[in-house]
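Please keep the sequence and the 3D view open while reading.

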Amino acid sequence: MQNITIHTIVNNELYIRTIPVNMTLLQFLREDLHLTGTKEGCDEGECGACTVLVDGHPMNSCLVLAAEMDGKHVLTVEGLAEDGRLHPLQEAFLEVGAVQCGYCTPGMLLSGIAMLNLYPHPTREQIRKEMEGNICRCTGYERIADAILLASERLAGETEAH
Ligand code: FES
Ligand code: FES
């Protein structure tokens, strides 16, 4: 198998790694970097459990090659807390009970953050549409939408306060 060397920033840290050309980003994160917060569900782009942000855009990490990450910034669930404080969306998920088994949660958080960057004041309808690539078998989605709405209010409040 052919190898390739990549320079990739993951959660604000530079990694220089030589990897097989056919390694997926999901395998790279979990097996090479041991960042196991990103989950493997279907492994074929259907469930969203493996969602991470690449240069700010949500991607199913099971569908992209790690080799394509050369020169890119990747954000995973491990990179969301800052200075020991959870991201406002993580806090909101906990507060409203949007986490049950938690398997979908890392992907939901990253997709939710990408959506809030696009739509800082989303409607429930927008949330449903934008999050449809992320499947949850436990919560029925309402609490996840509640958490995103709560975080959007708080983030808007923070922006106004500055
Ligand atoms: S594991 Fe990637 S979309 Fe399901
Ligand atoms: S909390 Fe279990 S799959 Fe979403």
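R154 is partly exposed, at 32% relative accessibility. Here buried means under 20% relative accessible area, exposed means over 50%, and partly exposed lies in between (1.4 Å probe, protein chains only). The model is a predicted one: local features need pLDDT of at least 70, side-chain atom pairs count only at pLDDT 80 or more, and totals for chains, interfaces and linings use all residues. Residues are numbered from 1 along each chain as its sequence is written, chains are lettered from A and ligands numbered from 1 in the order in which they are written, and side-chain values use heavy atoms, without hydrogens and water.

Which residue does R154 meet in a salt bridge? The partner is E95, at 2.8 Å from N to O. R154 sits in helix 5 (residues 142-161) and E95 in helix 2 (residues 88-96). The two are 59 residues apart, and the pair links distant parts of the chain. Helices (H or I, at least four residues) and strands (E, at least two) are DSSP runs, numbered from the N terminus.

## Other salt bridges

The whole structure holds 7 salt bridges. The rule asks for a side-chain nitrogen of Lys or Arg within 4 Å of a carboxyl oxygen of Asp or Glu. Side chains of opposite charge can pair when their charged atoms come close. R85 pairs with E91, with closest N and O atoms 3.4 Å apart. R85 is exposed, because its relative accessibility is 53%. E91 reaches 24%, so this residue counts as partly exposed.

R128 and E142 also meet, at 3.9 Å from N to O. This pair too links distant parts of the chain: R128 lies in helix 4 (residues 124-130), E142 in helix 5, and 14 residues separate them. R128 is partly exposed at 46% relative accessible area. E142 is partly exposed as well, at 40%. Shared partners tie R124, E125, R128, E142 and D146 into one network of salt bridges.

## Two domains

The protein splits into domain 1 (3-79) and domain 2 (88-161), with bounds from an automatic or database domain assignment. Their centres, taken over C-alpha atoms, are 22 Å apart. 16 residues of domain 1 touch 12 residues of domain 2, where contact means heavy atoms within 4.5 Å. The domains bury about 1000 Å² between them, and 64% of that is on carbon and sulfur atoms. Buried area is the accessible area (1.4 Å probe) that two parts lose on being put together, summed over both.

How many salt bridges run between domain 1 and domain 2? The count is 0. Polar contacts do cross the interface: 4 residue pairs, both residues at pLDDT 80 or more. Such a contact is a pair of N or O atoms within 3.5 Å; within protein, one must be able to donate a hydrogen and the other to accept it, and residues adjacent in sequence count only if both atoms are side-chain atoms. On the side of domain 1 that touches domain 2, strand 3 (residues 51-54) gives the most, with 3 residues. That side has 7 nonpolar, 6 polar and 3 charged residues. Ala, Val, Leu, Ile, Met, Phe, Trp, Tyr, Cys and Pro count as nonpolar, Asp, Glu, Lys and Arg as charged, and the others, Gly among them, as polar.

Helix 1 covers residues 25-32, and its L25, L26, F28, L29 and D32 are buried. These buried residues pack against strand 1 (3-10), strand 2 (13-20), strand 3 and strand 5 (73-75). H34 follows helix 1 and has a positive phi, near 60°.

S61 is in the loop between strand 4 (57-60) and strand 5. Is S61 buried or exposed? S61 is buried, because its relative accessibility is 0%. Beyond neighbours within four places in sequence, S61 contacts T24, L25, L26, T38, C50 and V52.

## G45 and E46

G45 lies in the loop between helix 1 and strand 3, and E46 is placed in the loop between helix 1 and strand 3. E46 is exposed at 52% relative accessibility, whereas G45 is partly exposed at 26%.

Leaving aside neighbours within four places in sequence, E46 is in contact with G133 and I135. With those neighbours left out again, G45 touches N60, C62 and L63. G45 and N134 are 89 residues apart in sequence and 9.8 Å apart in space, C-alpha to C-alpha. E46 and G71 are 25 residues apart in sequence, with 27 Å between their C-alpha atoms.
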